[in-house]
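Let's take a walk through this structure, one part at a time. Have the sequence and the model open as you read.

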Amino acid sequence: MAKHKVTVVGAGFVGATAAQRIVEKQLADVVLIDIVEGMPQGKALDMMQSAAVEGFDTKIIGTNNYEDTANSDIFVVTAGIARKPGMSRDDLLNTNAKIVGSVVEQATKYSPNAIFVIVSNPLDVMTHLAWQKSGLPSKKVFGMAGVLDSSRYACFIAEALNCSIKDVRAMVLGGHGDTMVPVPQFSTVNGITITELLPAEKIEEINNRTKHGGAEIVKFLKTGSAFYAPSSSAVAMVEAIVLDSKRILPVCALCNGEYGIDNLYCGVPVALGANGIESIIELNLNESEKKSLQSSAQAVQTVVDKLALTVG
Ligand code: APR
């Protein structure tokens, strides 16, 4: 048995791919749970039958029953509906709020001390809701978005510079939507900030493509949204927790005054380890970055307020 138990809720595109990556990397044993009967069981069995070829000793089971998730260390919540062309992440609000709320209630019943990595959209608001429903300290409930948005940013930077992606470190803060804030001064190629390597117009172009990176994929897929990079990003967070590596990653975390944001979930850099969020890191942003982060937080707040009106 692996040392850790991770439950992935939602066995759709993001969930099943995340589960696959976790067992293949041998990070933890995995429980894959969904409301659709038979589907998580079938996918889990299929993954187990790849173990001999891929060479992993971690185990995965599929289920529709929360009793099987008991004593999980981490829940990765991907349950909910995905976007279709023309939809914003906020259009998923009411449907996914009901789903995420019930998932967290059931999950905490059998694993009262687990860490929650939320992936369902609209991300920042679903994370806020999950925290409220869980009754857990905020360092144990956070969302996956910054790693994904930064990974998209890194991809476009490497493409523009024709350099190795391995040397690129990119930073995107703020809410997981059109208002997200790519931060060029903290985005580097092996320590060299991209403002020294790319003209301002090119950086602006890459920033915009990053902000609409998810929509670009939805437009191609037509029937759903991205899942390879989202699952990779969620698993990077699981890895930091399981290995207690204290990696510095942009994560959707509850801010209590940091960056002038109060009592609101928003994408900020954190150190991630065995306890969840070990600390929030405050970067010295310039005036325009500060302003952009403030308006991104304001956009998240508007949706939080909308949800408060809907679910009481
Ligand atoms: N409990 C468990 N699973 C659920 C529940 C629930 N209450 N409600 C729905 N699901 C499952 C669905 O049955 C489906 O298998 O969630 C899964 C979602 O999978 P997909 O439709 O393939 O969506 P996916 O692309 O994985 O996206 C999931 O992540 O990135 C976000 O915006 C995206 O909110 C969406 C979520």
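Which residues does Lys211 touch, not counting residues up to four places away in sequence? Before we get there, a word on what you're looking at: this is a predicted model, where local features need pLDDT of at least 70 and side-chain atom pairs count only at pLDDT 80 or more, while totals for chains, interfaces and linings use all residues. Residues are numbered from 1 along each chain as its sequence is written, and side-chain values use heavy atoms, with hydrogens and water left out.

Now back to Lys211. Its partners are Gly177, Asp178, Met180 and Pro182, where contact means heavy atoms within 4.5 Å. Lys211 sits in helix H7, residues 200-211. Helices here are DSSP runs of H or I with at least four residues, strands are E runs of at least two, and both are numbered from the N terminus. If you look from Lys211 over to Gln20, you cover 191 residues along the chain, and their C-alpha atoms are 28 Å apart.

Glu205 forms a salt bridge with Lys202, with 3.1 Å between the closest N and O atoms. The term salt bridge stands for a side-chain nitrogen of Lys or Arg within 4 Å of a carboxyl oxygen of Asp or Glu. Because Glu205 and Lys202 are three residues apart in helix H7, about one helical turn separates them. By the salt-bridge rule, the count comes to six.

Next, zoom out. The protein chain splits into domain 1 (5-143) and domain 2 (146-311), with bounds that come from an automatic or database domain assignment. Taken over C-alpha atoms, the centres of the two domains are 21 Å apart. Domain 1 brings 37 residues to the contact, and domain 2 brings 44.

How much area do domain 1 and domain 2 bury between them? It's about 3500 Å², with 72% of that on carbon and sulfur atoms; buried area is the accessible area (1.4 Å probe) that two parts lose on being put together, summed over both. On the domain 1 side, Leu27, Arg89 and Asp124 lose the most area to domain 2, together 18% of what that side buries.

As for what links the domains, there are zero salt bridges between them, but eight residue pairs are in polar contact, both residues being at pLDDT 80 or more. A polar contact is a pair of N or O atoms within 3.5 Å; within protein, one must be able to donate a hydrogen and the other to accept it, and residues adjacent in sequence count only if both atoms are side-chain atoms. Several elements give two or more residues to the domain 1 side, among them helix H1 (13-24), helix H4 (93-110) and helix H5 (123-134). H5 gives the most, with seven residues.

Pro122 is in the loop between S5 and H5, and the peptide bond from Asn121 to Pro122 is cis, with omega near -5°.

Finally, look for an open sheet of three strands in the order S7-S10-S11, with antiparallel pairing. Strand S7 (168-169) and strand S11 (192-193) are at the edges, each with a single partner strand, so one side of each has no neighbour in the sheet. Strands count as paired if DSSP finds at least two bridges between them, and two bridges join S7 to S10 (residues 188-189). Val168 stands opposite Val189 in S10. The loop between helix H6 (146-161) and S7 holds Asn162, whose phi is near 50°, a positive value in a residue other than glycine.
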